[in-house]
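I opened my notebook to look up which charged side chains pair up in this one.

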Amino acid sequence: MRKSLGLLDGAAIAASSTAATSSIGIGLGLTAGVVGLHLPAIMLLAFLPVLAIAGGYGRLNRVDPDAGSSYRWVGRILSPWLGFLTGWVNVVGTVVFMAYTTTVTGSAIIQLLGQATVHSVAGLRLDPDSTLQCTLLGLAVLIAAALVAVRGLDLAARLQKYLLVFEYGVLLAFCGYGLFAGDQPFSLQWYNPFDIPSLGALAQGMVLAVFCYWGFESVFSVGEEVRDPKDASRGGMIALIVMMLLFLLAGTAFQRVLPLDELADNGAQGLAYFGTKLADQPLAALPLIALTFSAVASLQAAVIPTARGLYAMGRDGVFGPVWTRLHPRHSTPAAGTLLITGISCVVALLSIAIPTVGDLISAAVNAIGIVVALYYALTAIAAAVHFRHLLRTAPLEGLRAVVGPLLGAAALLLVGGYLAWTFYDSADHFELSADNGWFELLVPVLMIASGLVAAAWARWRRRSAYFLRPADLDPAAPTAGGAV
């Protein structure tokens, strides 16, 4: 594949995949329903382990840029089985993310039409909380985003940058104004994580907040297409820090403008409701337009790294050769891009079984958050194992390359495991409902269990060399001890 990306291109892909505007517009309301008026605290607390893990990603990428990123690194350093599982849950989690983001995109478009006084089409009343209507509309956007991704990363990255400039401009303007115009009393307790109501609320809030940061590592999936590996590492870190600042700003502004009950009750329409509290039309529509742009950008940004992860897995023979077919003109994994888009469309249609957008988002975010905590932790452990020699040769660098990622991994495994236990312990029967603990736990369990089955097939049926010849990275690589 062509090396067509620079620092800003990589940062744009990472930021679009993280989708700060979507996370703010949707995730803050959900998180507030769990942690109360402690949005800034939980977003800052979750940033710390993610930052440590990002350091591990960056160092591994400088040693070995690879489209498989964590799948390849964990497989070489720890175990091919764990590596495959890391790649698998990443792909499956992203497919679930794309399915529900498709619905979110359709919901945002219907909300925009409503603000333009278009409430029905051909006699059909438009409902922004109908998963059927929103999904069907969002599918058209997903397919269009995939076609742009097939055209090439240079075009996709340019589109991402234009969308990001608009989104961030709107967020900064409205959230900055909300800090001063809001009538809710400001409190420093908003930043105190020890004041969160319970350990269960802390665990679930951490998983939701980690989900909001999820996506910065997409820049490492295009590492083979970035001109300088250092630019991929820097782009991911830039995107992550910008996300943290935006989350702190938005969390504070939302709590200055909206009482807790209004913030929690408006979940999937949180950003749009925030805009209407601060401005009249047509200015009040700007946050909703930004949310729509963010959802579109995150769909495309999700397709790009997922197709490249599958390209790497097909290259290793764990999946079929169809995933390695490059476009003859654009040198992109076109077949894989279209296939993963098709699979996401099918999952999106199946998700119509969950009747409302809010319930769909809640179920998907909790499930993805648990598996994200798992594969982030595995990647961080792999980085710590690989760079462990730095504890002897460069102790200060070893703290950043070994101790930091290990602490981040431990934190995510603890909160993910505790949340899984609370889901199990919260119900005594199973039902297809977003607030049923066994249903919420079943989704990540199926993701992991299906990964083990697929790994066994690749190992013994396909006889993939990925399992037969695991090799560690070169510990003598000159950039191994470099800073991110």
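Entry 1. I started with R400 and E397, whose side chains meet in a salt bridge at 3.8 Å, N to O. The model I'm looking at is predicted, by the way. I looked up where the two sit: R400 and E397 are both in helix α17, which covers residues 395-425. They are three residues apart, about one turn of the helix.

Then I asked myself: is E397 buried or exposed? E397 has 16% relative accessibility, so it counts as buried, the cut-off being under 20%. R400 has a relative accessible area of 44%, so I noted R400 down as partly exposed.

Entry 2. How many salt bridges does the structure hold? I found seven. A reminder to myself on the idea behind them: side chains of opposite charge can pair when their charged atoms come close.

Entry 3. Next up were R72 and D316, which form a salt bridge at 2.8 Å, N to O, through their side chains. Which parts does this pair tie together? R72 belongs to helix α4 (residues 70-77), while D316 is in the loop between α13 (286-315) and α14 (334-350), so the bridge ties together parts that are 244 residues apart in sequence. I checked burial too, and both R72 and D316 are buried.

Entry 4. I moved on to K277 and E262, another pair of side chains meeting in a salt bridge, this time at 3.6 Å, N to O. K277 lies in helix α12 (residues 270-278) and E262 in helix α11 (residues 260-265), so this pair links parts that are 15 residues apart in sequence. K277 comes out as partly exposed because its relative accessibility is 41%. E262 is at 21%, so E262 counts as partly exposed too.

Entry 5. Where is T101 found? T101 is in helix α5, residues 80-115. T101 has a relative accessibility of 4%, so I wrote T101 down as buried.

What does T101 touch, leaving aside its neighbours within four places in sequence? I found contacts with A295, S298 and L299.

Note on methods. Residues are numbered from 1 along each chain as its sequence is written. This is a predicted model: local features need pLDDT of at least 70, side-chain atom pairs count only at pLDDT 80 or more; totals for chains, interfaces and linings use all residues. Side-chain values use heavy atoms; hydrogens and water are left out. Helices (H or I, at least four residues) and strands (E, at least two) are DSSP runs, numbered from the N terminus. Buried means under 20% relative accessible area, exposed over 50%, partly exposed in between (1.4 Å probe, protein chains only). Contact means heavy atoms within 4.5 Å. A salt bridge is a side-chain nitrogen of Lys or Arg within 4 Å of a carboxyl oxygen of Asp or Glu.
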